Amino acid sequence: MRRVIDNNLLTMLVRLAVGITFICASYYKVVDPGAFAKSIWFYHLVPGSLINIIAIVLPWVEMICGLGIIFGFSYRGSVVVANVMMLVFIFALGSAIVRGISLDCGCFKAAASSTNSAWKTLWFDLVLMLLALQLLFSRSRRWFLTRL
Amino acid sequence: MRNWDSSTIFKQILVLVLVSAALGFGRAYLVPGGIEAVGKWRSLSGGDGPIIPPAADEGDPPFIDINVAQMEHSTGRTIFIDAREPDEFECATIPGSINIPFEQLPEDDLEGYLNDALNGTPKDVSIVIFCSGEECDLSLHLARNMQFLGYTRVMIFFGGSREWVKFGLEVERRRNCDE
């Protein structure tokens, strides 16, 4: 098991998958922070005064994290932040589904109304969380821009 | 996780967040289309849950409150139907609503009438039906009819246009009714 987790090629593939997903997910939010702010509001979890601040900062965190994971700079911090973000996303999406709030997650595009989509995204997030955990535990250090 | 010392990770996370904040606020304030740091989001504690009329029965379409109504409206995909008479509809209604007056529904071929009124919209599209407010049950009756005809995602906003206005939300006026 340890050997599989530490496999260089597997780790690189997972880095690409997680990194590209984070970059793609951040794109629409960076381009249209207003729509992303609306998506955050839909979750009914965050005080109104914090919504825009999160909508302004979070997409860039996602994007830089994605780049850091792919290219291997600030790698450890990026992997930890990616795991924390996945936990938060899964909690937010799960709580919205449990509370019966009809929403699209706002993960990859502007907000829309669809509970089915929320379920699909929750499963997708769970898979992505598993991949992010692999990065957390892998000791592979190949193909990095920086040593840390 | 071996050799992952916590101070290095903390520093990297700090730099990551600071750089992100700089880029985000730079984008927000320097590039057109940005948003302000503090938005005008209505407090979600403002609503007291959906208004459910005494006439409601088990099996009726779900009743939604102002928060959910606003959320559905913001999606741009949910159809809003004003069940009041055209003169009330024209005075002030929820923006983008379609007027289907319950009192004017035909007795024959209601399904075809609704299909035409909704431009052949599929029956699984989200629909919010409303009228004036608590004293008006046109929305309830229209919703029951639509549910019976197979529309699967009908919701009733029983607070209606009055609650919409009470919360300071934008209304659409087709004619001036103030004089």
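The model is a predicted one, and every value below is computed from it.

The contact draws on 41 residues from chain A and 38 residues from chain B. The size of an interface is often given as the accessible area lost when the parts come together. Between chain B and chain A the buried area comes to about 3500 Å², with carbon and sulfur atoms giving 70% of it. On the side of chain B that touches chain A, the elements that give two or more residues are helix H1 (6-30) and helix H2 (66-75) of chain B, and H1(B) supplies the largest share, 14 residues. Sorted by class, that side of chain B has 17 nonpolar, 13 polar and eight charged residues. Across the interface of chain B and chain A the rule finds zero salt bridges, whereas it finds seven residue pairs in polar contact, with both residues at pLDDT 80 or more.

Turning to the backbone, Ser74(A) is not a glycine, yet it has a positive phi of about 40°. Ser74(A) is placed in the loop between helix H4 (48-71) and helix H5 (75-98) of chain A, and because its relative accessibility is 25%, it counts as partly exposed.

In chain B, Asn119(B) likewise has a positive phi, of about 55°, although it is not a glycine. The loop that holds Asn119(B) runs between helix H4 (110-117) and strand S3 (127-130) of chain B. Is Asn119(B) buried or exposed? With a relative accessible area of 73%, Asn119(B) is exposed, since exposed means over 50%.

Conventions
Residues numbered from 1 in each chain as written. Chains lettered and ligands numbered in written order. Predicted model: local features only at pLDDT ≥ 70, side-chain atom pairs only at ≥ 80, totals over all residues. Heavy atoms only, no water. Contact = heavy atoms within 4.5 Å. Buried area = accessible area lost by both parts, 1.4 Å probe. Salt bridge = Lys/Arg side-chain N within 4 Å of Asp/Glu carboxyl O. Polar contact = N/O pair within 3.5 Å; in protein donor to acceptor, adjacent residues only side chain to side chain. Helix = DSSP H or I, 4+ residues; strand = E, 2+ residues; numbered from the N terminus. Nonpolar A, V, L, I, M, F, W, Y, C, P; charged D, E, K, R; others polar. Buried < 20%, exposed > 50% of the residue type's maximum accessible area, 1.4 Å probe, protein only.
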